[in-house]
Amino acid sequence: MQDNMNWLEFLISERVLLLDGIYQTIYVSLIALFYSLIGGLLVGFIRCIPNKISAFISRIYLESFRIIPLIVWLFAAFFLIPRFMGRGFSSEASAIWVFTLWGSAEIGELVKGAIQSLPTIQRESALALGLSKTQLYMYILIPQAVRRLIPTVINMATRIIKTTSMLDFVGVIEIVARSRQIIERTVEPFIIWSFVFFFFFFLCYPLTLWSRHLEKKFR
Amino acid sequence: MELRNITKSFGDKKVLDKVNLNVKEGSAIVILGPSGCGKSTLLRCINGLEKTDDGELVFNNIKYGDEKTNWRNIRGQIGMVFQSYELYPHMNVLDNLLLSPTKVQKRDKNEVKEMAISLLKRVGLDDRLKSYPHQLSGGQKQRIAIVRALCMNPKLMLFDEVTASIDPEMVYEVLQVIRDLKNEGMTMIIVTHEMGFAKSASDHVIFMDSGNIVEQSSPNDFFSNPKEERTKQFLNKFLHL
Ligand SMILES: Nc1ncnc2c1ncn2[C@@H]1O[C@H](COP(=O)(O)OP(=O)(O)O)[C@@H](O)[C@H]1O
Ligand SMILES: [Mg+2]
């Protein structure tokens, strides 16, 4: 009991840095997820176009994010972008860029899958009932694709949140970076890493449960 | 409805070879034939799901089927029901029925709803208005698919093996709906493998093989006195099943 109080008091005494780290983690995740959703819809529709050139380019784009580790992309962006674009580019901005490109590629693949997995008979019966192409997408294909997408997009959100822990390497001061700073000063690694452990757990686990619940519901 | 020399190939495979067909208003014709002979393709050409390579389509004395065709207008007048259940799974029965009449034909929602409910009553499903497709049996889904097409006020109905993938016990209730339609004078082209139904509910039977119409006659002549060898072979297979 006494011990627990000390833990709590210690964490509360470090609240400013911890909250700032949490804020950065969530901020970068949310922004990256938001841009990735827009980018992913775009990439997904482009991937549905039956055109060899656009299919080839989007394929290379997706594969390059699957083959090359994200940390390498982060370093490349962190060290190369400022060289070409000038110093004005913060590490946070390059991190958001890389996460957005990665997220758009992954979500684009999900969007494409969701649209193409809908049975052809549904397009045909909709067309046979006089719907236009736009109405077909608006009333039939997109609403169903979205239902299939939401659970997988939530999973993508947890992947983005988890992956922000890499951003420490490229100088974004998120929760892991803040934790290291606190530990260096106070030498309390156990308390701090436990806190970080539970922070990620309580942020991501409900999302996973939610996604599983929706998947069952929409099936 | 008239088809003149309709020809259609997929790649270098000729699926329909100069098919001629005349369907008088108010008559129900049944198309029989082995699988792969082009029956579905023929129906799909009529409402433009497939584009014909050659030949003419005439509906209500108006030629259509060329580049300028307003397919959405044609499809509003020609209803089609497919073999597989094709209700929109994310909408309940009522929304399935209302979508095209209100969005395509821009009709008044209440008017369509009234019509939909009275049609559902006739097929015995007016209690399923708020059900979702996954809560319905195959036979119920097909009856609702038929009602959905009827809500567009079509002048011609195309049925493509609508009972082929449902439970045998439920075939009857679907065929009964089509039979009722015939009695009300709906013009229909029906592709089916239900010989009893073809015999009793059609005005005219067409037998197709390899993209050609091999034989056509009244149902009585067709089943009791087929002329062509291929027709006999086909019917024999069914009789000895
Ligand atoms: N979209 C398509 N592409 C290529 N071949 C097709 C296509 N649709 C149908 N076919 C071919 O055309 C022939 C006739 O098909 P179909 O009209 O479905 O026959 P049926 O309905 O009489 O069983 C079959 O050999 C089939 O393989
Ligand atoms: Mg067929």
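Predicted model: local features only at pLDDT ≥ 70, side-chain atom pairs only at ≥ 80, totals over all residues.
I take angles under 35 degrees as roughly parallel, over 145 as roughly antiparallel, 65 to 115 as roughly perpendicular and the rest as oblique. Residues are numbered from 1 along each chain as its sequence is written, chains are lettered from A and ligands numbered from 1 in the order in which they are written, and side-chain values use heavy atoms, with hydrogens and water left out.

**Entry 1: α2(A) and α7(A).** I looked up helix α2 (residues 15-48) of chain A against α7(A) and found an angle of about 140°, with the axes 11 Å apart; axes are lines fitted to C-alpha atoms, for helices over the stretch in contact, and angles run from 0 to 180 degrees between N-to-C directions. The two helices are therefore oblique to each other. Helices are DSSP runs (H or I, at least four residues), numbered from the N terminus. The crossing is right-handed, a term for the near helix being turned clockwise from the far one by less than a right angle, with anticlockwise giving left-handed. In this contact (heavy atoms within 4.5 Å), α2(A) supplies A:Ser29, A:Ala32, A:Leu33, A:Ser36, A:Leu37 and A:Phe45, and α7(A) supplies A:Tyr137, A:Ile142, A:Val153, A:Ala157, A:Ile160 and A:Ile161. I sorted these residues into 10 nonpolar, 2 polar and no charged, where Ala, Val, Leu, Ile, Met, Phe, Trp, Tyr, Cys and Pro count as nonpolar, Asp, Glu, Lys and Arg as charged, and the others, Gly among them, as polar.

**Entry 2: α6(A) and α7(A).** For helix α6 (residues 120-128) and helix α7 (residues 133-163) of chain A I noted an angle of about 160° and axes 10 Å apart, and the pair is therefore roughly antiparallel. Their crossing is right-handed. On the α6(A) side I listed A:Gln122, A:Arg123, A:Ala126 and A:Leu127, which meet A:Leu136, A:Ile140, A:Leu141 and A:Gln144 of α7(A). The residues of this contact comprise 5 nonpolar, 2 polar and 1 charged.

**Entry 3: α3(A) and α5(A).** Helix α3 (residues 52-67) and helix α5 (residues 91-116) of chain A pack at about 115°, with axes 9 Å apart, and α3(A) passes α5(A) in a left-handed crossing. Among the residues that meet here are A:Tyr61, A:Phe65 and A:Arg66 of α3(A) and A:Trp102, A:Glu106 and A:Glu109 of α5(A). I counted 7 nonpolar, 1 polar and 4 charged residues in the contact.

**Entry 4: the cavity.** I found 1 cavity of 30 Å³ or more in the structure. The largest cavity has a volume of about 70 Å³, and its lining includes B:Leu119, B:Arg122, B:Asp180 and B:Glu184. Two or more lining residues come from each of α4 (109-122) and α6 (168-183) of chain B, and α6(B) gives the most, with 3 residues. The lining divides into 5 nonpolar, no polar and 3 charged residues. On a 1 Å grid over the protein atoms alone, a cavity is a set of points where a 1.4 Å probe fits but cannot get out, and lining residues have an atom within 4 Å of a point; points are joined across faces, edges and corners, and a volume is the space filled by probe spheres set on them.

Note on methods: 1 Å grid on protein atoms, 1.4 Å probe; cavity = no way out; pocket = protein on both sides within 12 Å on 5 of 7 lines; lining within 4 Å.
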